[in-house]
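Subject: the model, plus my notes

Hi,

Here is the structure I promised to pass on. Have a look at it first, then read my notes below.

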Amino acid sequence: MTASAADPFRVVFVCTGNICRSVMAEVVFRGFADAAGLRDRVGSTSAGTGDWHVGERADQRTIEALTRRGYDGSHHRARQFTLADFAHNDLVVALDRSHERILKGWAPGETDADKIALLMSFDPSARSLDVPDPYYAGPGMFDEVLGMIESASRALFRQLEPAIRPAV
């Protein structure tokens with residue numbers, strides 16, 4: 001796999017409603033690509049397994065947690081994952097095992113199912129494969145979840161970067 005500006009490597013991050021965890025992962029991963037000068041070689045989006053929040057902004061606590069760490073999540077609008085996302089993306093990253101099960105159930109075939117991975121599986125220091133849902137918790141949990149997502153997204157980006165970076 002090699003990525004180019006004409007055909008970038010595409011990653012979609014998936015959680016339940018696409019207003020908390022997957023938004024954080026999309027924004028953080030894009031931040032790593034930008035910092036590495038690879039914005040045109042990698043694309044990062046997000047979606048939810050449910051349709052409850054379609055069209056809404058990210059949860060305000062998500063935006064605030066991202067802002068505290070220097071990211072901008074203010075332009076996000078929630079959307080639901082569709083079957084077209086399998087064809088459009090090279091990697092489908094689930095934020096917990098319930099999302100992984102749902103996505104595997106939706107995958108049209110083995111090739112699409114093979115694109116699905118758990119975000120925390122990329123972080124060797126992770127204590128769990130699931131990123132907890134901060135939605136029903138206080139703002140401190142959003143910061144904790146963002147820290148987990150940053151660590152795992154950094155590990156994922158480091159794994160993908162050699163294939164994304166242009167040959168010298």
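Predicted model: local features only at pLDDT ≥ 70, side-chain atom pairs only at ≥ 80, totals over all residues.

Residues are numbered from 1 along each chain as its sequence is written, and side-chain values use heavy atoms, with hydrogens and water left out.

**Pockets**

A pocket here is an open set of points on a 1 Å grid over the protein atoms alone, where a 1.4 Å probe fits, with protein on both sides within 12 Å along at least five of seven lines; lining residues have an atom within 4 Å of a point. Volume is the space filled by probe spheres set on the points, with grid points joined across faces, edges and corners.

The largest pocket holds about 190 Å³ of space. Its lining includes Met120, Asp123, Arg127, Asp130, Glu144 and Met148. By class, that lining has 4 nonpolar, 3 polar and 4 charged residues (Ala, Val, Leu, Ile, Met, Phe, Trp, Tyr, Cys and Pro count as nonpolar, Asp, Glu, Lys and Arg as charged, and the others, Gly among them, as polar).

The second largest pocket has a volume of about 170 Å³. Among the residues lining this one are Cys15, Cys20, Arg21, Trp52, His53, Tyr135 and Tyr136.

**Rings**

Rings of Phe, Tyr and Trp (its six-membered ring) pair if their centres lie within 6.5 Å; planes under 30 degrees apart count as stacked, over 60 as edge-to-face and the rest as tilted. That rule gives 6 aromatic pairs. In one of them, the ring centres of Phe81 and Trp106 are 6.1 Å apart with the planes at 20°, so the pair is stacked. This pair ties together distant parts of the chain, 25 residues apart: Phe81 is in the loop between helix H2 (60-68) and helix H3 (84-88), and Trp106 is in helix H4. (Helices, H or I and at least four residues, and strands, E and at least two, are DSSP runs numbered from the N terminus.)

Are the two partners buried or partly exposed? Phe81 is buried at 4% relative accessibility, whereas Trp106 is partly exposed at 32%. Buried means under 20% relative accessible area, exposed over 50%, and partly exposed in between, with a 1.4 Å probe and protein chains only.

Elsewhere, Phe13, Phe29, Phe32 and Phe157 make up one aromatic cluster. There is also a charge over a ring: the charged end of Arg61 sits over Tyr135, 5.6 Å from the ring centre. The rule for that is NZ of Lys or CZ of Arg within 6 Å of the ring centre and within 35 degrees of the ring normal.

**Single residues**

Contact means heavy atoms within 4.5 Å, and the contacts below leave out residues up to four places away in sequence.

Leu119 is in the loop between strand E4 (116-118) and helix H6 (139-164), and is buried with a relative accessible area of 0%. Its contacts include Phe13, Ala25, Val93, Leu95, Ile149 and Leu156. Leu95 is 24 residues away in sequence, with a C-alpha to C-alpha distance of 5.7 Å.

Ile116, in strand E4, is buried too, at 8%. Ile116 touches Phe86, Val92, Glu100, Leu103 and Lys104; its C-alpha is 7.4 Å from that of Leu103, 13 residues apart along the chain. Glu100 belongs to helix H4 (residues 97-106) and counts as buried at 18% relative accessibility. Besides Ile116, Glu100 touches Ala94 and Leu118.

Which residue has a positive phi although it is not a glycine? That is Asn18, with a phi of about 65°. Most residues other than glycine have a negative phi. Asn18 lies in the loop between E1 and helix H1 (21-35) and is buried at 0% relative accessibility.

Lastly, Arg10 sits in strand E1 and is partly exposed at 23%. Arg10 is in contact with Gly43, His88, Asn89, Asp90 and Leu91.

Cheers
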